[in-house]
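Trainee: I would like to go through this model with you. Can we take the ligand and then a helix?

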Amino acid sequence: MVQPNFPTVPQRLGLYPVVDSVEWIERLLKAGVKTLQLRIKDKRDEEVESDVSAAIELGRRFDARLFINDYWQLAIKHQAYGVHLGQEDLETADLNAIREAGLRLGVSTHDDMEIDVALAARPSYIALGHVFPTQTKQMPSAPQGLAQLARHITRLGDYPTVAIGGISLERAPAVLETGVGSIAVVSAITQATDWQAATAQLLQLAGAGDE
Ligand SMILES: Cc1ncc(COP(=O)(O)OP(=O)(O)O)c(N)n1
Ligand SMILES: Cc1nc(C(=O)O)sc1CCOP(=O)(O)O
Ligand SMILES: [Mg+2]
């Protein structure tokens, strides 16, 4: 079985909120979240650098696993715990530079072929999406559903995995039953009427990740 060729992450990353501001990062760290991602879209590096570095500093202060989406050069510069990249990003990002800087790497996948591509890069974890319909991001593919997710988890064996896409509090138990090590969520927390209660309940279900 293929092993990561990047610094490893715990096999179970637990609850993994994906948020778009330093304010959310701080709130979630204070709520006990240990794996999280700063996902700011479509801005220039100069526009996001102060937020990226502030989020990384907070992650360090709370001893958390903070991934930066897309902005891998800033993540290296400010020594993030890790970077999350999509399939297209794999074509342009300098993976050797990310590895040599000691950052973990997560890669998005949406079908078997994308899993082949991700495995060739041997990242720290593989994200599997989108499990259910999502309002958060326009997806070119159809939702994979639980059966397909379970098939991917079986294929990937011990490889650290993250499920994403349309995961609500109600759906989380069935997703976790597939054996996936982590559930990444956006709207289940950021659009919740009571985000603190939602976070506490999701943490109860998924855990904060292994040490
Ligand atoms: C945990 C996790 N999984 C998947 C994604 C999606 O990443 P990507 O394909 O790069 O798309 P954008 O998030 O950049 O729109 C993610 N961010 N996190
Ligand atoms: C950012 C993102 N990436 C996805 C993928 O499948 O790669 S799904 C997604 C959005 C997830 O948001 P929500 O939890 O609100 O559905
Ligand atoms: Mg991306």
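Mentor: A polar contact is a pair of N or O atoms within 3.5 Å; within protein, one must be able to donate a hydrogen and the other to accept it, and residues adjacent in sequence count only if both atoms are side-chain atoms. This is a predicted model, where local features need pLDDT of at least 70 and side-chain atom pairs count only at pLDDT 80 or more, while totals for chains, interfaces and linings use all residues. Residues are numbered from 1 along each chain as written, chains are lettered from A and ligands numbered from 1 in written order, and side-chain values use heavy atoms, without hydrogens and water.

Trainee: How far does a polar side-chain atom of Lys137 lie from an oxygen atom of ligand 1?

Mentor: Take the other polar side chains too. Asp70 has a polar side-chain atom 3.2 Å from a ligand 1 oxygen, and Asn69 has one at 2.9 Å. For Lys137 the value is 2.6 Å.

Trainee: What share of ligand 1's accessible area does the protein cover?

Mentor: Areas come from the Shrake-Rupley method with a 1.4 Å probe. On its own, ligand 1 has 430 Å². The protein covers 92%.

Trainee: Which exposed residues does H10 carry on the face turned away from its buried side?

Mentor: Buried means under 20% relative accessible area, exposed over 50% (1.4 Å probe, protein chains only). In H10, Trp195, Ala198, Thr199, Leu202, Leu203 and Ala206 are buried. They cover an arc of only 130 degrees around the axis, which puts them on the same side of H10. The face turned away carries Gln196 and Gln204.

Technical notes. Helix = DSSP H or I, 4+ residues; strand = E, 2+ residues; numbered from the N terminus. Arc of directions from axis to C-beta.
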